[in-house]
Amino acid sequence: KNLIHQVIIDHSVTGKIIEELDVQHVVFTGSVSGGQQILKHTSVKFMQPQLELGGKDAAYIAEDADIDAAAATVVDGAMFNSGQSCCGIERAYVHRKVYDQFIQKSKQVIADYKLGDPMAEATNLGPLVSEKATRYAESQIQSAVKQGAKVLAGGNIKKIEGGFFLEPSLIVDVKQSMELMQEENFAPILPVMPVDSMEQAIEMVNDSKYGLTSAIFTKDIAKAKTFAENVNTGTVFMNRCDYLDPALPWTGVKDSGCGSALSFLGFLSVTRAKALHFKKG
């Protein structure tokens with residue numbers, strides 16, 4: 001008996017399959033609108049699906065952070081897989097005292113990226129999934145620039161042997177209200193904003209409809225704990241980002257979804273408790 005079938009269908013057909021066939025659980029990774037459709041259909045059977053949806057993951061670089069390590073890690077978090085990672089960094093808030101240092105180091109790290117054929121040994125940044133995705137990411141940058149943002153690195157589309165690439169992009173002078181800071185782009189873009197305190201950073205991190213992961217870079221674990229207690233995300237990293245640990249639950253809040261993968265909670269999400277209440281005699 002085949003346990004796995006792969007079919008390519010739209011959300012309406014997916015809904016019919018969920019409602020009309022013997023489907024007992026649904027795991028979905030995709031858009032917020034897609035997740036809403038899945039939730040609508042699973043509710044007919046009173047099923048709680050596992051949904052991993054959008055993200056706009058943020059990093060805070062505190063004044064006591066190791067700036068070289070923080071810049072290297074955050075840039076990698078933003079550029080890994082050409083920015084096409086569900087928990088990739090899409091915005092960074094840097095304490096004003098170390099802002100200039102962070103920007104300069106980030107520019108150095110970004111300068112080492114080489115676009116090209118992903119199979120070539122020298123390449124360390126490949127194409128985006130489609131021209132449409134690349135154009136959308138470019139439009140976010142262009143919109144931000146029109147509102148006063150400045151491109152310090154990248155910002156341009158490259159077409160290489162049929163693939164559409166976006167140069168690794170470092171954007172400054174951004175505003176929290178910009179689409180670039182609010183909407184997921186799934187591209188190698190790092191917008192950076194200075195903040196005056198951790199409290200302000202927490203406010204900015206939470207000012208989002210998404211809540212998948214967040215990260216703090218600091219040498220002070222007490223500061224990291226305070227940050228973790230106050231940010232509204234499913235995972236909080238200290239001195240790292242864009243990383244999974246099978247022992248820890250993988251979950252999101254707000255428009256980032258519901259349910260949990262990984263850890264023992266991941267097993268619980270695909271089971272249902274059954275009570276045996278016996279009395280002898």
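## Basis of the model

The structure is a predicted model, in which local features need pLDDT of at least 70, side-chain atom pairs count only at pLDDT 80 or more, and totals for chains, interfaces and linings use all residues. Residues are numbered from 1 along each chain as its sequence is written, and side-chain values use heavy atoms, with hydrogens and water left out.

## Overall form

The protein chain contains nine helices and 14 strands. These elements are DSSP runs numbered from the N terminus, with helices (H or I) of at least four residues and strands (E) of at least two.

Along the principal axes, the C-alpha atoms fill a box of roughly 75 × 50 × 35 Å. Among contacts (heavy atoms within 4.5 Å) with a separation of 6 or more, 62% are between residues 24 or more positions apart.

## Surface and charge

Of the 281 residues, 46% are buried. Buried means under 20% relative accessible area, exposed over 50%, and partly exposed in between, with a 1.4 Å probe and protein chains only. The accessible surface of the protein chain (Shrake-Rupley method, 1.4 Å probe) is about 15300 Å², and carbon and sulfur atoms hold 54% of it.

There are 28 positive and 33 negative side chains, and the centres of the two sets are 6 Å apart. Lys and Arg count as positive and Asp and Glu as negative, while His and the chain ends are not counted. Each charge is placed at NZ of Lys, CZ of Arg, CG of Asp or CD of Glu.

## Strand 11

Strand 11 (residues 213-217) is largely enclosed by the rest of the structure, because five of its five residues are buried. In a regular strand the side chains alternate between the two faces of the sheet. Thr213, Ala215 and Phe217 are buried on one side of strand 11, and Ser214 and Ile216 are buried on the other.

Strand 11 pairs in the parallel sense with strand 3 (residues 57-61) over four bridges; pairing requires at least two DSSP bridges. Here Ala59 stands opposite Ala215. Strand 12 (residues 235-238) also runs parallel to strand 11 and is joined to strand 11 by four bridges, with Thr235 opposite Thr213.

## Ser106

Ser106 lies in helix 4 (residues 99-110). Ser106 counts as buried because its relative accessibility is 0%. Apart from neighbours within four places in sequence, Ser106 contacts Ala71, Val75 and Leu170.
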